[in-house]
Amino acid sequence: MHIHILGICGTFMGGLAALARSAGHRVTGCDAGVYPPMSDQLRSLGIDLIEGFGADQLALAPDVFVVGNVVSRARLADGTPKFPLMEAILDAGAAYTSGPQWLAEQLLQGRHVLAVAGTHGKTTTTSMLAWVLECAGLNPGFLVGGVPLNFGISARLGAPGGCFVIEADEYDTAFFDKRSKFVHYRPRTAVLNNLEFDHADIFDDLPAIERQFHHLVRTVPGRGRVVVNTEEAALARVLAQGCWSETVGFGAGGRFTAKGTAERFDVLDQGRPVAQVQWALSGLHNRMNALAAIAAAEHLGVAPAVAAEALQRFENVRRRMELRGEVAAGGGSVRVYDDFAHHPTAIRTTVDGLRAQIGPAGGRILAIFEPRSNTMKLGSMSAKLPWSLESADLAFCHAAGLGWDPREALAAMGERIQVADSIDQLLTQVLAAVQSGDHLLCMSNGGFGGVHTRLLDALRARFAQ
């Protein structure tokens, strides 16, 4: 069929477009500010991209319009529609659907779907699980909200009728379907990694998110498996609402546990050592992610020892503590990292993970971040920011676009925090503070104004003198 995707440059919709093209469908799409790298990836697949959401695109007459959740019925200040194409689709009575629903109906039918859900770690754990299944010879399909370095792509079909690993997001599906995306996927294996309050723009409180997670649990068949983090009280409440499938716990009190450090640990099945993982990843959160992937893969018959061996060759995901560059400086060096952390817990986990990796004497950590997610922009998590940055030596906050005062929220950090109203000001602050041996940890769920490249260029210019 011919599908036309509205909002095609988003990570999920871009991955869906690539899958649809691989499956033999004709794919076109539109977005505002069509930009690389996604635009380049899509064009290389022969997918025609159109800038903007003009109503004239109705003339393409696809079999169905696939609508991303960036699209809404919003109006501009002058009263005109922000998305004229969507209004034209509705007026014409043309066929339209959401991305998750199209994916479920057209590509996931008849497959063993493994869905990875959770507030944190979805992308990393999905990538781990896909890599484990790949190393086990299962040729999985996958759709990940990032680029796993082992694969170099965010989505692929995999073996026809085989298994499919998908990052299962709890965010709503579309403006006309306010259910969480993951209820569409109908997994046989569901991973519940962790759960805390997020997405304050669409959920009122944590119980509202717990209900959505329970809707996911309801879709898992009796012969399916729910892999659950036993250390999370919120997930225990989810399962207490009802579960009709086998449950396999990981973490303290669960079937799969770990013993050792984050970088080298034994995997235990009901207390019995069954495998060992030694890898370059840091942080106890990644050790938990590994246990989740091992427990999920075992549902498809992959032995924990096979999964552990694959994890030792796991290369992580772009923008997950990714070293963007290192500049020689005064007998030492300055390192610049990029991480997707966009929630106080994720920020703390990332900073703590870097501190554990470099050690107490490994240099200063300069945390450079922007509260860019919808939840953070609303300010509902602002009180937790000083806690999230405790392990950083200095912190720098980009404050543009916020509806709350970060200077007030971060005042408890005293002289350790600086706030900037622009990227240029942020760069000036960081460059005035940086010393040889520092680790510059940039955290955002967006492009962050290219701050990583600009920092590296400025550092090279300074220390080359």
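1. Leaving aside neighbours within four places in sequence, Ser154 is in contact (heavy atoms within 4.5 Å) with Gly15, Phe142, Leu143, Val144, Gly146 and Pro148. Ser154 belongs to the loop between strand E7 (141-143) and strand E8 (155-156), and at 8% relative accessibility Ser154 counts as buried, where buried means under 20% relative accessible area, exposed over 50% and partly exposed in between, with a 1.4 Å probe and protein chains only.

2. On the basis of the note: this is a predicted model, in which local features need pLDDT of at least 70 and side-chain atom pairs count only at pLDDT 80 or more, while totals for chains, interfaces and linings use all residues. Residues are numbered from 1 along each chain as its sequence is written, and side-chain values use heavy atoms, with hydrogens and water left out. Helices (H or I, at least four residues) and strands (E, at least two) are DSSP runs numbered from the N terminus.

3. An open sheet of 5 strands has the order E3-E2-E1-E4-E5 with parallel pairing, two strands being paired if DSSP finds at least two bridges between them. Strand E3 (48-51) and strand E5 (96-98) stand at the edges, and because each has a single partner strand, one side of each lacks a neighbour in the sheet. Neighbouring strands of this sheet are turned by 25° against each other on average, direction ignored. Strand E2 (residues 26-31) pairs with E3 in the parallel sense over 4 bridges, and Cys30 stands opposite Ile50 in E3.

4. Helix H3 (residues 84-92) packs on this sheet, touching strand E1 (2-6), E2, strand E4 (64-67) and E5, and its direction makes about 135° with that of E1; axes are lines fitted to C-alpha atoms, for helices over the stretch in contact, and angles run from 0 to 180 degrees between N-to-C directions. Helix H4 (residues 99-106) also packs on the sheet, touching E1, E4 and E5, with its direction at about 90° to that of E5.

5. A further open sheet has 6 strands in the order E18-E19-E23-E20-E21-E22, with mixed pairing. Its edge strands are E18 (322-329) and E22 (417-420), each of which pairs on one side only. Strand E19 (residues 332-339) is joined to strand E23 (residues 439-443) by 5 bridges, the two running parallel, and the bridge partner of Asp338 in E23 is Cys442. Helix H10 (residues 344-358) lies across E19, strand E20 (365-369) and E23, running at about 160° to E23.

6. Helix H5 (residues 122-135) and helix H8 (residues 284-298) pack at an angle of about 45°, with their axes 9 Å apart. That angle makes H5 oblique to H8, since angles under 35 degrees count as roughly parallel, over 145 as roughly antiparallel, 65 to 115 as roughly perpendicular and the rest as oblique. Residues making the contact include Met128 and Leu129 of H5 and Ala293 and Ala296 of H8.
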